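I opened the model today and kept notes on a handful of places. The entries follow in the order in which I looked things up.

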Amino acid sequence: MTDEPKPVENAWAIPIEPFKKEDMKHSLLCESSFATLFPRYREKYIRDCWPTVKATLAEYNITANLDAVEGSMTVLTTRKTWDPYIILKARDVIKLIARGVPHEQAIRVLDDNIGCDIIKIGSMVRKRDRFVKRRQRLIGPKGATLKAIELLTNCYVLVQGSTVAALGPYKGLQHVRKVIEDTMKNIHPIYNIKALMLKKELAKNPKLANENWDRFLPKYVSKTVKRKQPKNKREKKEYTPFPPPQPESKVDKLLASGEYFLKEEDRKKKRLTEKMEKKSEAEVKRQERRNKSFIPPEEKPYRSKPSNKTEPKNTNPQDQKKNKKIKKEKKVI
């Protein structure tokens, strides 16, 4: 039974030995080449810096060619090339120069501990206006946000068009990609910048090296804002796979009513009589509407107000006569 390999606790801390000439015992089997196009506005800058780039690649026995007519840069291996992986690094150098990265920064990729990452952000957001706002949020006012990301990750970051070119240590490139992808998902970069700052401070403390840092890091909570609902909502009709019935044509209507078989004069007479009937009905309705103002309203029946003091009525006729005499005497007095 073979012993199973133990898992590596911290792979980033393992030092990588540099590749030397003595490690390459045989020459490369065949020639490898990579070419990349560059825009016209970069031609003047590339012409000026090309001797420096060519001399740097010559140290690794890589030949570099510039074709200004086609607007392309090419790198090739030779028989003397002793590092088999350096051609991929050289490809990244010309790719970064074509995308607007200065040649002083692009040459750093030839180091073993430094890599590059080109992040395509154009397809992450659908609407153009929203994409421009989020890209500007990544750069920040006067490039402050981009500078903070560079200081925290030790990477060089360049936002150009619909791509972001970054080069630096591999661990820093992971953080850069996360910040950029979260920004395009509408998460403000300040949250990731704060988290990186706290991680940098926590890494200095040896007591917290083996502990979980989640309780120290800020947590992003997405807020769902309720949209204003329209006043008049359209009710969705039930889905039916069958199309709606075809509307009847004039000929179909004439056939249904029987007018199709009549002569043209009879049809005109029928239309005229229908028109006159509608006119007479409309005239009757108009007269009723006019006569409404002459109809007197219904009056309510008159009722006398009841007196506050209610006297009991005498049904006896003698008592009634006495009361009348008393009232007359009072009037005379």
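Entry 1, L217. I looked up L217 and found it in the loop between α7 and α8. The model is a predicted one, and I read each entry below with that in mind. Is L217 buried or exposed? Its relative accessible area is 17%, under the 20% cut-off, so I noted L217 as buried. Leaving aside residues up to four places away in sequence, I listed what L217 touches: A195, L198 and K199. I also checked L217 against V8, which is 209 residues away in sequence. Their C-alpha atoms are 25 Å apart in space.

Entry 2, α6 and α7. Next I turned to a pair of helices. Two packed helices are described by the angle between their axes and by the distance between those axes. I took α6 as residues 170-184 and α7 as residues 189-204. Their axes come within 9 Å and cross at roughly 155 degrees. The crossing of α6 and α7 is right-handed. Which residues meet there? From α6 I wrote down H175, K178, V179, D182 and T183, and from α7 P189, N192 and L196. Sorted by class, this contact of α6 with α7 has three nonpolar, three polar and two charged residues.

α1 passes α2 in a right-handed crossing. On the α1 side of the contact are I46, W50, V53 and L57, and these meet A90, V93, I94 and I97 of α2. How do the residues of this contact divide by class? I counted eight nonpolar, no polar and no charged residues for α1 with α2.

Most residues other than glycine have a negative phi. I noted N61, which is not a glycine but has a positive phi of about 60 degrees. Where does N61 lie? I found N61 in the loop between α1 (43-58) and β2 (62-67). N154 went into the notebook too, with a positive phi of about 60 degrees although it is not a glycine. N154 has its place in the loop between α5 (144-153) and β5 (156-160). With a relative accessible area of 51%, N154 is exposed.

How many aromatic pairs does a search of the whole structure find? The search gives two. One of them is formed by Y260 and F261, with 5.6 Å centre to centre. I read 90 degrees between the planes of Y260 and F261, and the pair is edge-to-face. I then looked up accessibility for both partners. Y260 is partly exposed, at a relative accessible area of 42%. F261 counts as exposed, at 66% relative accessibility.

Last, I looked up K253 and found it in helix α8, residues 250-257. The relative accessibility of K253 is 52%, and over 50% is exposed, so K253 counts as exposed. For a distance I took K253 with V125, 128 residues apart along the chain. The C-alpha atoms of K253 and V125 are separated by 54 Å.

Notes. Residues are numbered from 1 along each chain as its sequence is written. This is a predicted model: local features need pLDDT of at least 70, side-chain atom pairs count only at pLDDT 80 or more; totals for chains, interfaces and linings use all residues. Side-chain values use heavy atoms; hydrogens and water are left out. Axes are lines fitted to C-alpha atoms, for helices over the stretch in contact, and angles run from 0 to 180 degrees between N-to-C directions. Helices (H or I, at least four residues) and strands (E, at least two) are DSSP runs, numbered from the N terminus. A crossing is left-handed if the near helix is turned anticlockwise from the far one by less than a right angle, and right-handed if clockwise. Contact means heavy atoms within 4.5 Å. Ala, Val, Leu, Ile, Met, Phe, Trp, Tyr, Cys and Pro count as nonpolar, Asp, Glu, Lys and Arg as charged, and the others, Gly among them, as polar. Rings of Phe, Tyr and Trp (its six-membered ring) pair if their centres lie within 6.5 Å; planes under 30 degrees apart count as stacked, over 60 as edge-to-face and the rest as tilted. Buried means under 20% relative accessible area, exposed over 50%, partly exposed in between (1.4 Å probe, protein chains only).
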